[in-house]
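Here's a quick walk through the strands and helices of this one. Have the fold open on your screen as you read.

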Amino acid sequence: MLLRFLGAAGTVTGSRYLLTHGDASLLIDCGLFQGVKNVRSRNWKPFPVDAAGISAVVLTHAHLDHSGYLPRLMREGFAGPVWSTSATRELVDILLEDSAHLQEEDARHINRRGYSRHQPAEPLYTSAEARAVMKQFRSTGFDEPVSIGPFVVTFRAAGHILGASSVRIECAGQSITFSGDVGRPNDPVMNAPAPLLDTDWLVVESTYGDRLHPDTDPAAMLADIVSRTAVRGGTVMLPSFAVGRAQALMYLLSRLMDERRIPVLPVFLDSPMAIDVTGVFRHFHTEHRLSAEDCERMRDAVTFTRSPEDSQALADNRYPKVIIAGAGMLNGGRILHQLIAFGGDSRNTVVIAGYQAEGTRGDALLKGARSLRIFGRDVPINCEVARVDGLSAHADYREMLDWLGTLAHAPRRVFVTHGEPVAADSLRQKLEHALGWQAVVPEQGDAFDLD
Ligand SMILES: [Zn+2]
């Protein structure tokens with residue numbers, strides 16, 4: 001087998017690994033490059049191998065940095081099946097539609113302003129292309145191996161988000177495992193990652209390869225913030241990712257109200273995408289920790305505002321309440337309208353949960369910004385800016401070493417990917433010192449003969 005690193009090498013996004021045996025090849029993950037402009041521009045480069053020659057795509061999970069390049073790969077000639085778990089397939093359907101919509105909006109915006117070098121500017125892909133990809137999907141469950149040409153592929157639960165898997169591939173008497181993004185042992189909503197099966201080769205993510213999560217209780221932090229804002233008669237704004245984070249916040253808030261740890265307040269989920277994702281959670285109730293009862297309680301505690309009119313009505317509502325809205329780093333979405341409505345009043349609170357990329361509005365708020373540029377104007381921020389930690393969907397390095405340490409035999413070699421260079425190298429050193437494993441940090445384009 002030959003393994004090639006076509007993305008997520010030296011960076012956290014753009015996961016793409018090509019595994020070849022004879023004429024057959026699998027692309028494991030087909031992610032978008034996300035973040036600053038010169039990383040995103042890599043999505044526009046021609047795919048480095050003949051897309052038509054790829055036998056199948058195998059997805060570890062639905063996040064766009066693992067699935068968001070699929071429509072473009074099809075435009076480049078890929079025509080094979082896309083294999084994933086059933087939950088991943090449902091989530092990809094929601095996320096790709098949104099991604100295509102944003103690409104189309106961007107192109108329209110550029111054309112209106114007339115600053116494209118290419119006239120007219122084209123979207124990376126269209127909604128129609130995103131819909132066409134979904135027809136290529138084939139699904140299976142966790143621990144139910146499928147044969148794809150000479151490869152036998154097994155999806156193994158990895159926590160992280162709904163449907164997320166580590167993927168173990170057997171071929172020609174050897175095995176290789178791609179960790180995908182690895183979740184945490186004590187996540188409030190997601191199950192712990194399943195122990196890995198024996199493997200000759202291992203590709204492992206390193207998002208938190210140099211960091212430990214703070215030992216804090218997110219429920220207690222949230223309870224304090226909501227209680228003191230309610231005493232002031234204010235509104236709590238919770239910017240959130242649609243997948244995972246929004247559901248965890250809904251669950252924590254409903255539990256806190258049930259336990260009388262916060263006043264009973266109206267809670268609104270102001271994100272059509274997060275509303276759709278919440279529906280997927282109810283389809284796959286064995287794949288997370290929430291019981292049918294928890295889901296019902298959550299549903300009763302939260303009002304969904306799907307239409308723009310209902311969302312606008314929230315902005316006009318001056319009573320104490322909690323609003324969960326996208327986007328998680330305040331780089332778009334309805335949370336911006338809510339910030340315009342509520343950010344100027346010191347009774348209100350905006351809560352930053354988790355990592356905020358450099359240059360985002362969320363990052364600016366954490367650094368003390370008292371004004372934000374939104375839709376071309378400066379919006380004053382006089383509300384409280386609070387933060388809740390401990391809701392990350394990624395294992396930190398200690399959790400990662402504990403999880404990897406359950407393997408009975410050392411892999412022949414570990415490839416450390418999906419991390420900033422410092423984080424990846426830090427995990428490589430820890431694997432060598434703590435577990436005595438041979439580890440390497442591959443670079444973009446590197447190829448390894450697995451013999
Ligand atoms: Zn992920």
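Strands E2 (residues 17–21) and E3 (residues 24–28) run antiparallel and are joined by 5 bridges. Two strands count as paired if DSSP finds at least two bridges between them. His21 has Ala24 in E3 as its bridge partner. The hairpin of E2 and E3 has 2 residues between the strands, and Gly22 there takes a positive phi near 60°.

Keep in mind that this is a predicted model: local features need pLDDT of at least 70, side-chain atom pairs count only at pLDDT 80 or more, and totals for chains, interfaces and linings use all residues. Residues are numbered from 1 along each chain as its sequence is written.

E3 has another neighbour: 3 bridges join E3 to strand E4 (residues 56–58), this time in parallel, and Ile28 sits opposite Val58 in E4. Since 4 of its 5 residues are buried, E3 is largely enclosed by the rest of the structure. Buried means that 20 or more other C-beta atoms lie within 10 Å of the residue's own (12 or fewer is exposed, in between is partly exposed), with C-beta atoms placed from the backbone.

| Strand pair | Bridges | Facing residues |
|---|---|---|
| E12 (residues 235–239) and E15 | 5 bridges | Pro239 and Ala325 |
| E13 (residues 267–269) and E15 | 3 bridges | Phe268 and Ile323 |
| E16 (residues 349–353) and E19 | 5 bridges | Ala353 and Val388 |

E15 (residues 321–325) is mostly covered, with 4 of its 5 residues buried.

**Two crossing helices**

How do helices H7 and H9 pack, and at what angle? H7 (residues 245–258) and H9 (residues 292–301) meet at about 85°, with their axes 9 Å apart. They are therefore roughly perpendicular to each other, the label for 65 to 115 degrees (under 35 is roughly parallel, over 145 roughly antiparallel, the rest oblique). On the H7 side, the contact includes Met250, Tyr251 and Leu253, and on the H9 side it includes Arg297 and Met298. Contact means C-beta atoms, placed from the backbone, within 7 Å. The contact residues divide into 6 nonpolar, 1 polar and 3 charged. Nonpolar covers Ala, Val, Leu, Ile, Met, Phe, Trp, Tyr, Cys and Pro; charged covers Asp, Glu, Lys and Arg; the others, Gly among them, are polar.

**Helix H14**

H14 (residues 421–435) has 15 residues and should span 21 Å at 1.5 Å a residue, which agrees with the 21 Å between its end C-alpha atoms. That expected span is 1.5 Å times one less than the number of residues. Among its buried residues are Ala423, Leu427, Arg428 and Lys430. Their cover includes helix H13 (397–404), strand E20 (413–417) and strand E21 (439–440). Just after H14, Gly436 takes a positive phi of about 70°.

Definitions and conventions:
Contact = placed C-beta atoms within 7 Å. Axes fitted to C-alpha atoms, helices over the stretch in contact; angles between N-to-C directions.
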